[in-house]
Each structure stands twice: as structure tokens, then as C-alpha cells.
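Please read the following note beside the sequence and the structure.

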Amino acid sequence: MIKEKLKTLPEVPGCYLMKNQNGTIIYVGKAKNLKNRVKSYFTGAHNEKTTLLVSEIADFEYVITNSEQESLILELNLIKKNQPKFNIRLMDDKTYPYIEITDEKNPVLRVTRSALKNKRIFGPFPNSYAARETVRILNRIMPFRKCETIPKKECLYYHLGQCLAPCIIDNIDYSPFIEKTTKFLKGDDKELLQELEKKMKEASNNLEFEKAVEYRDMILNIKATTEKQIITLNDYKDRDFVSYAFNENELAIQVLMMRAGKIVDNHHLVFSYIDSPMESVINYLLQLYDKEKMPDELVFSTIFDEELVHEAFGNKAFIPKKGDKKKITELASKNAKLDLENYNLLYKSKTDSENEALEELSKLIGSKVDRIEVFDNAQIFGTAPVSAMIVYENNKFSKKEYRRYNLKTTKNDDYQAMREVVYRRYQKLLFEEKQLPDLILVDGGKGQVNSGYEALQSIGLDIKIAGLKKNDRHKLEALVYNNEVVMLDTKSNIYKLLLKISEEIHRFAITFHIQKRDKKALKSPLDEIKGIGKKRKMALLMEFKSIDEIKNASVEKLKKLGFDEKTISNLKEGLK
């Protein structure tokens, strides 16, 4: 699955989420090129920590972004929400810095890591150094207050023209400077950059190269700080940004979840639809928000009909026509399109190959195969003998229909075990008038197949039965049918399907066997004696050090423990 998914990765910026076999996110990373970065985990040698991470990866997901800077911010948001165990570096309370114009009578322009609900806060900025340098540059241009504590007389900043001297002047109007700085920090940096570029060229022409380099660094830092990113909005609202993509058969829904102004998660799904795509999406969202709390706003892409979304979600729904919110819905659309493309490349091709395998299997046995029931026996030297059965139908395992059997007629005869379990299974189905399979598969060769066939004949059933024959290394190599051994090409679709079925029945049978064996290992001889329950068993084990001591205990001593004569008789007889 991972190999196939790696082929579908796009070569764009984004974040990737590594998951373990339980579906838990264990690592979040960012990438300038998702395909190259994620593939690198599964090729070449790594250090100890990365090797451990890779050993636990069972699946991965990703979210694309518009730029590398957006991926940096999204990575931080995802790490803070999910706290993956391999992201220890960012699991504390640290965050990317913001630039703030303080809400005071005489405001200060500064870098902060506390994103309080101040209207004049901008960011976050992944490049901390660039953010600090930008504030330094702006403070040289804008006359905001520089001193932490206002002195009693004007200081050097006033004489340099970098401060309006609130120490000697009351009621200063900072609004023009706040407006200009706000405009700049929201991305309109053209005017300032042109001024700095002009000064850089003048310094260079005057052979003042050190000054020219300083202006060049200023320009680079400003560009790094003001690069537009839409992963975070500074109004602290909870929003879901919704879009979808569709083809003739399937549609992909993508919901980017923003909490407190930060995108922290996404919800995505690909499924088949019958009604119109838009109505199917709205119906799905109504079910989703019936179970989960609806955010402050639902922001839909322009693919939606405004009247329909308002009818379904009221005033919480709207479709932006411009601005950052529209750009985030466009990002959701990009992710939905990728999900749909990858589904067709990955899951659809997988389903097609399994359908082809079922057609090949149907041709081989001479009748249509949709439902398969599979049996396997497990025991070690007659210990904890069990059988198990799984069901494969509609291109998937139907786990609710799995069954486990404790064998009653044998301990170590595999053929008799197969007769017993096949007889018990289909006698019950006949009695209950339930659905019979199109094909029965048994783990083994001709002996096991013939044993199962005998059990079917004894109850008057004619169901196709075949065997999954293994080689000396216990690997699937052939299908046994009609007393013929059909060797399988390991690259064929039918082999891949039968191998998957063989591994699943083996896993289920062995798990059951181990559980029973371990339970039996913990059993005491006292468990088999009539009249000895948990309390009496505990009383005996607390009083006596061994089974031999219990055997040799006097009737009087046992009576003192509260045992009657009948139970004492059962105990003595049972421990002989």
C-alpha cells in the first residue's frame, strides 16, 4: 500500500502525517517537494531515530499548501494538535513569532510569541531572524515608541527622527504610522522595497559596498517576513473550509479545519455517489455536523450553489468571492482533486485487479465466485486444537462473519478437524436457512480438500471446494481443485488475491490458538472440580502452598475453610 501511495505523491509543498497500524499520527513533517521528501524515508540508510520511526509507519497522509512557508506554519499547527511522539522537538509551548503593534496610547512595534487577541498582530512568521530584522528596519522608519519606560526628557531616538518623543509631547496621533505599517505587514511592501532598492543602488554606485550589502539583507528579510501565507488568520475564529472534486463515479470531499484562526487538521473522504455531487456532499456534511460540533463559520468554495448551502447551514455558511478565505477554499479544492486522482490510481486499480482475480478464479472452477468462506486448523502437538473461518465478499473481508471453533472430535488429526468444522458450519447454515458460499477454500492439499468434501456430501451439499497448498517454506504455491494441483504465477492477480486470503485466515486461526493456549496454560486442576468456584479456589491457594498439600489435607481442616462433605469428596477425587 505504501509503495503504491508513494507513486501518487505530488511534487509540491505540503505537510505529511505518518501513522502507525492503529491509525495514530506518530510524526508530522513539512516538505518543499512532498514526493521527494516522503520517498526518502523508505530508501537508503538512516540514523537510529529515523529507522525506529520508519519501522512503525503503516500509512501516511498529506495536505498540500501553496508555499513552503505555509507548510512550516501548518506543520506547527498539526504538531501542537496531535503531539506525535516523534516530534518531541516541537511538543512544548514554543511557537513561531508574531509582529505586534501594541494597543497602548504610545504603541510599540515588537516581536512577540504570545498571539493574544490583539487586532494589530501579524504572522506567524516561520523565519524568526527575518521577523526580528523586519521590526528593526521598520523601527528605523516608523516613529513608534522605543523606550520600555518613558523617560523625563527626549532621547537619541527623537534626535534621529525615529521617535515622536511621548516623553515631552502629549496626545500624539500614531494612526497614519499604524495604517502604513499594517498595510506593509499585510503584504503591501512595494513602496518600502522600492525605496530600499534605490538606496542599495546608490550605495553601490558610490562604492559603499558594506552599506549596499546591508540594504540587500534588509530587502531579503522583508521579503521573507511579508511572504503571503494563508494557513493562519488573525481573527481567532473556528472555521471549516469545504470543497470537493468529482468524476462519473466518485467524489472527493476535503474539509480544512481552522480552529482559533489556525488550520490544525483536515477531514477527507472519497466515496461513490448516486444523486448530484453537490447534494451528496451537503448530505454528507449534514451527517458529519450532526455528530460533531459545527464551527463558527462554514466557508464553501465557488463550486457550491450559494442558495443550497444557506438552506442547509443557515447564516454560518458563505462563499467568499475574494481574499484569503477564497484562497483557502481553493487550497481545499486542490487537495480534493489530488485525493480523487490518487483514489483512481491507487484504490480503483486495486479493486480492478481483485475483480480480475475473481473472474480468473470463476473460470478456473467453472462458476461465478462472489462469496468465499475459508477454513484453517491450528494446534501444536495436540495442544489447544482450534479451527477458524473467515469470509471474503464484495472485494473485502467481512469480519463480522468470522467464526472460531473449539474442536470436539480430535486433537491432532488435521483431516478429521476439517471434516468436523466443515460439517458443523454448513449443517448450521442449512438449519438456519442462511446464505451459502460460492466457494470454500481450506488451508492444505488434497487430504484436507477431500475431508471437507466428505463432510459436505454427508449433509447433501454440493459446494465447490478447493485447497490453498503451501510449499516447504509455508508459502502459497498452488490451488488444489478436482484432485488437480494448479501451480500459481506469483505475479498474477489470482495469486495476489489468494495470498491475501491465505495470510488472513492464518492470522485469525493462529491468534485464536494462541489465546486458547495461553488461557489453558493459566488453568489450575481446581478449575475442573465441581463445587470449587473462584472464592473456594482462592481460599485453598491462600491456605496451602501446593496441590500436593491440598491432596493431603485433612477433612477437618477443609471443613474449617467452609467446605461441606460433598465438595471435599469431589476435591479429593478430582485431585487423584
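1. Basis of the note. The structure is a predicted model, in which local features need pLDDT of at least 70 and side-chain atom pairs count only at pLDDT 80 or more, while totals for chains, interfaces and linings use all residues. Residues are numbered from 1 along each chain as its sequence is written, and side-chain values use heavy atoms, with hydrogens and water left out.

2. The protein as a whole. The protein contains 19 helices and 19 strands; these are DSSP runs, numbered from the N terminus, with helices being H or I of at least four residues and strands E of at least two. Of the 576 residues, 46% are buried. Here buried means under 20% relative accessible area, exposed means over 50%, and partly exposed is in between (1.4 Å probe, protein chains only). The accessible surface comes to about 31900 Å², and 50% of it belongs to carbon and sulfur atoms; such areas come from the Shrake-Rupley method with a 1.4 Å probe, and for residues only the protein chains shown count as cover. Among contacts (heavy atoms within 4.5 Å) between residues at least 6 apart in sequence, 58% join residues at least 24 apart.

3. Helix α4. This helix covers residues 68–82, and its 15 residues should span 21 Å at 1.5 Å a residue; the end C-alpha atoms are 21 Å apart, which agrees. The expected span is 1.5 Å times one less than the number of residues. Because eleven of the 15 residues are buried, α4 is largely enclosed by the rest of the structure. Among the buried residues are Gln 69, Glu 70, Leu 72, Leu 76 and Ile 79. Just after α4, Gln 83 has a positive phi of about 45 degrees.

4. Helix α13. The 19 residues of α13 (residues 414–432) reach 27 Å from the first C-alpha to the last, close to the 27 Å expected at 1.5 Å a residue. Its buried residues are Ala 417, Met 418, Glu 420, Val 421, Val 422, Arg 425, Tyr 426 and Leu 429. An α-helix has 3.6 residues a turn, so residues three or four places apart point the same way. Following α13 is Glu 433, whose phi is positive, near 55 degrees.

5. Two asparagines in loops. Asn 394 lies between β13 (383–393) and β14 (396–397), and its phi is near 55 degrees, a positive value in a residue other than glycine. Its relative accessibility is 62%, so Asn 394 counts as exposed. Asn 482 is found in the loop between β18 (476–481) and β19 (484–487). Although Asn 482 is not a glycine, it has a positive phi of about 55 degrees; it is exposed because its relative accessible area is 58%.

6. Glu 297. Which residue does the side chain of Glu 297 meet in a polar contact? The partner is the side chain of Arg 239, at 2.6 Å. A polar contact is a pair of N or O atoms within 3.5 Å; within protein, one must be able to donate a hydrogen and the other to accept it, and residues adjacent in sequence count only if both atoms are side-chain atoms. Glu 297 is in strand β10 (residues 297–300) and counts as buried because its relative accessibility is 12%. Not counting residues up to four places away in sequence, Glu 297 touches several residues, including Asp 238, Lys 316 and Phe 318.

7. Thr 329 belongs to helix α12 (residues 324–365) and is buried, with a relative accessible area of 3%. Leaving aside neighbours within four places in sequence, Thr 329 is in contact with Phe 241, Ser 243, Val 299, Phe 300, Ser 301 and Pro 320. Leu 9 lies in the loop between α1 (2–7) and β1 (14–19) and, at 4% relative accessibility, counts as buried. Leu 9 and Asn 36 are 27 residues apart along the chain, yet their C-alpha atoms are separated by 8.7 Å. Not counting residues up to four places away in sequence, Leu 9 touches Leu 34, Lys 35, Val 38, Phe 60 and Tyr 62.
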